[in-house]
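Visitor: I would like to learn how to read a structure like this one. Please take it feature by feature.

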There are 2 protein chains.
Amino acid sequence: MNVEVQIVDGPVPEPRQWAVAGAGALVSFAGVVRPTEEGQAIEGLMYEAYRPMAERQIESIARMLITEHGLLAMRIAHSVGWVRVGECSFRLDVAAAHRQEAITAMGEFINRLKQDVPIWKQAR
Amino acid sequence: MNVEVQIVDGPVPEPRQWAVAGAGALVSFAGVVRPTEEGQAIEGLMYEAYRPMAERQIESIARMLITEHGLLAMRIAHSVGWVRVGECSFRLDVAAAHRQEAITAMGEFINRLKQDVPIWKQAR
């Protein structure tokens, strides 16, 4: 199985090491809660998800990008619940033979996630 | 100091955790030695560098990209010497407030590295 999706309660932990046979490029993105939201200081973000649909959509975006760009594997973890400033709420790993497709797919994945996946956040 | 450059003998180890104040996006690239080079099976790659110039050039590319894209920090590690198939020979971490500049700078850094930094490799 070359797609792994995790919805995590609270912050996303540091990932375990990842080895993908044949990969020349492992690209990772970690989204961290910033100290301000629309110019206001915040303590953190509360994430809510329509969970079964969120998981299904994340997996479907990943499979589409793997096919389109000939990637080797993707790993995605997203928080629900409370995530404090400085903590990680989203993590994406992409493995590919070469760098260009890995980097392109990373940007595309995040755009699609924001558009199509039912996860909302509220600053506190 | 928001640029950290390391030339490492042998494979690049797993990085220590990285926290950068104000960062919303931490993007990482790991370059791994692939099992073939120009269609031939290989055991690994031997990297040679003109080391003082390589370090200086890497730092100068990083500083230029930090200024150009308003990044927060960069960390770079590159191998010299013997790196086996499946091991990491290059690692780049970029911290920025937002994802777009981090992802763009990652791609640009690697292109500049390949063009401008005196590091050579030989398959064995």
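Guide: Start with contact, which means heavy atoms within 4.5 Å. By that rule, and not counting residues up to four places away in sequence, Ile58(A) touches Val5(A), Ile7(A), Ile76(A), Phe109(A), Leu113(A) and Val117(A).

Visitor: What should I know about the model and its numbering?

Guide: This is a predicted model, in which local features need pLDDT of at least 70 and side-chain atom pairs count only at pLDDT 80 or more, while totals for chains, interfaces and linings use all residues. Residues are numbered from 1 along each chain as its sequence is written, chains are lettered from A and ligands numbered from 1 in the order in which they are written, and side-chain values use heavy atoms, with hydrogens and water left out.

Visitor: How many helices and strands are there in chain A?

Guide: Helices (H or I, at least four residues) and strands (E, at least two) are DSSP runs, numbered from the N terminus. Chain A has 2 helices and 8 strands. Along the sequence they come in the pattern β-β-β-β-β-α-β-β-α-β. The radius of gyration of chain A is 15 Å, close to the 14 Å that the globule rule gives for 124 residues, so the chain is as compact as a globular protein of that length. That radius is taken over C-alpha atoms, and the rule is 2.2 Å times the number of residues to the power 0.38. Taken along the principal axes, the C-alpha atoms of chain A fill a box of roughly 45 × 25 × 25 Å.

Visitor: Is Ile58(A) buried or exposed?

Guide: Buried means under 20% relative accessible area, exposed over 50%, and partly exposed in between (1.4 Å probe, protein chains only). Ile58(A), in helix α1 (residues 51–69) of chain A, counts as buried because its relative accessibility is 0%. Its C-alpha lies 23 Å from that of Arg84(A), 26 residues away in sequence. Across chain A, buried residues make up 49% of the 124 residues.

Visitor: What does strand β7 of chain A hold?

Guide: Ser89(A) is one of its residues. At a relative accessible area of 5%, Ser89(A) is buried. Leaving aside neighbours within four places in sequence, Ser89(A) is in contact with residues including Val12(A), Gly31(A), Tyr47(A) and His78(A). Asp93(A) also lies in β7, which covers residues 88–96.

Visitor: Why does Asp93(A) count as buried?

Guide: Asp93(A) counts as buried because its relative accessibility is 4%. Beyond its neighbours within four places in sequence, Asp93(A) is in contact with Trp18(A), Val27(A), Ser28(A), Ala73(A), Met74(A) and Arg75(A).

Visitor: With which side chain does the side chain of Asp93(A) make a polar contact?

Guide: A polar contact is a pair of N or O atoms within 3.5 Å; within protein, one must be able to donate a hydrogen and the other to accept it, and residues adjacent in sequence count only if both atoms are side-chain atoms. The partner of Asp93(A) is the side chain of Arg91(A), at 3.0 Å.

Visitor: Where is His98(A) found?

Guide: His98(A) sits in the loop between β7 and α2 of chain A. With a relative accessible area of 44%, His98(A) is partly exposed. His98(A) and Leu26(A) are 72 residues apart in sequence, with 8.9 Å between their C-alpha atoms.

Visitor: What is the phi of Glu38(A)?

Guide: Phi of Glu38(A) is near 50°, a positive value in a residue other than glycine. Glu38(A) is in the loop between β3 (36–37) and β4 (40–41) of chain A, and is exposed, with a relative accessible area of 79%. In chain B, phi of Glu38(B) is near 50°, and Glu38(B) is exposed at 78%.

Visitor: Where in chain A is Lys114(A)?

Guide: Lys114(A) lies in helix α2 (residues 99–116). At 55% relative accessibility, Lys114(A) counts as exposed.
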